[in-house]
Amino acid sequence: MDYQPDFSVLTNKGTAFNYLGYMTDNLEEKKIYFNNAVSNYAVALTLDDQNVLPYQNRAAANYELLRYCKNQAGFSKLITLIIEDCDKALLLDNSIQIAANLRMHVQSIRA
């Protein structure tokens with residue numbers, strides 16, 4: 001039997017990994033947890049790209065990964081991904097304040 005998790009399982013896993021990333025003090029574990037969150041949200045979006053939650057939460061996880069960038073190219077790529085996810089979330093629901101605030105903050109970092 002080939003089990004394929006559904007959208008809610010993937011978003012819940014992403015949320016759990018985000019939570020673990022925020023709760024641990026070990027920087028390497030944080031990086032792993034936030035990367036896992038990003039991956040779960042990416043797969044969830046292949047199942048439902050009209051849901052705001054994965055875009056907003058993937059942007060937040062990528063924001064946490066900014067501290068691990070070792071070069072300007074990686075940093076710029078993450079900034080771009082964060083802004084794109086915030087834009088997609090806001091396109092689906094323009095009242096999402098977390099995405100709007102994160103987008104403005106990240107854009108100010110880019111400038």
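**View 1. Cys 86 and Cys 69 in the predicted model.** Cys 86 is buried, at 0% relative accessibility; buried denotes under 20% relative accessible area, exposed over 50%, and partly exposed in between (1.4 Å probe, protein chains only). Cys 69 is partly exposed, with a relative accessible area of 25%. The structure contains 0 disulfides, a disulfide being a pair of cysteine sulfur atoms within 2.5 Å. The sulfur of Cys 86 lies 16 Å from that of Cys 69, its closest cysteine sulfur, which is too far for a bond. This is a predicted model, in which local features need pLDDT of at least 70, side-chain atom pairs count only at pLDDT 80 or more, and totals for chains, interfaces and linings use all residues. Residues are numbered from 1 along each chain as its sequence is written, and side-chain values use heavy atoms, with hydrogens and water left out.

**View 2. The largest nonpolar core.** Such a core is a set of buried Ala, Val, Leu, Ile, Met, Phe, Trp, Tyr and Cys residues joined through side-chain atoms within 4.5 Å. Of its 25 residues, Leu 65, Ile 82, Cys 86, Ala 99, Leu 102 and Val 106 touch the most other members. Helix H4 contributes the most to this core, with 7 residues.

**View 3. The buried face of helix H5 (residues 97-110).** Helices are DSSP runs (H or I, at least four residues), numbered from the N terminus. Ala 99, Ala 100, Leu 102 and Val 106 are the buried residues of H5. Seen down the axis of H5, these residues fall within an arc of 165° (directions from the helix axis to the C-beta atoms), so they line one face of the helix. They pack against helix H3 (52-65) and helix H4 (72-92), contact meaning heavy atoms within 4.5 Å.

Technical notes. Helices (H or I, at least four residues) and strands (E, at least two) are DSSP runs, numbered from the N terminus.
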